[in-house]
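Please look over the model shown here, following the chain from one end to the other. The report below then describes parts of it in words.

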Amino acid sequence: MPIRPNMSKSAIVKEVLDNYKKTGKIGNTRPKNKRSATKIAVAIASKNGK
């Protein structure tokens, strides 16, 4: 599911981490572990979420 502007920050983080678990990637980036993936997801949510 794509990230929409009306999604909450927690929904965006969940969506990004779910995608990371399935593919091992966030966009074109391959985080080295789940902690790095979480940091990236929070940054994305802070920029795009409500």
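## A residue and its partner

At 26% relative accessibility, Asp18 counts as partly exposed, a class that lies between buried (under 20% relative accessible area) and exposed (over 50%), with a 1.4 Å probe and protein chains only. The model is a predicted one, in which local features need pLDDT of at least 70 and side-chain atom pairs count only at pLDDT 80 or more, while totals for chains, interfaces and linings use all residues. Residues are numbered from 1 along each chain as its sequence is written, and side-chain values use heavy atoms, with hydrogens and water left out.

The side chain of Asp18 meets that of Lys14 in a salt bridge, at 2.9 Å from N to O, where the term stands for a side-chain nitrogen of Lys or Arg within 4 Å of a carboxyl oxygen of Asp or Glu. The structure holds 1 salt bridge. Asp18 and Lys14 are separated by about one helical turn, because they are 4 residues apart in helix α1. Lys14 counts as exposed, at 54% relative accessibility.

## The two helices

Helices here are DSSP runs (H or I, at least four residues), numbered from the N terminus. Helix α1 covers residues 9-23 and helix α2 covers residues 34-48. After α1 comes Gly24, whose phi is positive, near 80 degrees.

How do two packed helices come to be described? They are described by the angle between their axes and the distance between the axes. Helices α1 and α2 pack at an angle of about 140 degrees, with their axes 8 Å apart, the axes being lines fitted to C-alpha atoms over the stretch in contact and the angles running from 0 to 180 degrees between N-to-C directions. Contact means heavy atoms within 4.5 Å. On the α1 side, the residues that meet α2 include Ile12, Val13, Val16, Leu17 and Tyr20, and among those they meet in α2 are Ala37, Ala41, Ile44 and Ala45. By class, this contact has 10 nonpolar, 3 polar and 3 charged residues, where Ala, Val, Leu, Ile, Met, Phe, Trp, Tyr, Cys and Pro count as nonpolar, Asp, Glu, Lys and Arg as charged, and the others, Gly among them, as polar.

## Buried residues and two examples

In α1, the residues Ile12, Val13, Glu15, Val16, Leu17 and Tyr20 are buried, and what covers them includes α2. The buried residues of α2 are Ser36, Ala37, Ala41 and Ala45, and they pack against α1.

Val16 lies in helix α1, and Ile40 lies in helix α2. Leaving aside neighbours within four places in sequence, Val16 is in contact with Ile3, Ile26, Ala41 and Ile44, whereas Ile40, not counting residues up to four places away, touches Ile26, Thr29 and Pro31. The table sets out two C-alpha separations.

| Pair | Apart along the chain | C-alpha to C-alpha |
|---|---|---|
| Val16 and Lys32 | 16 residues | 15 Å |
| Ile40 and Leu17 | 23 residues | 9.3 Å |

Val16 is buried, with a relative accessible area of 7%, while Ile40 counts as partly exposed, at 29% relative accessibility.
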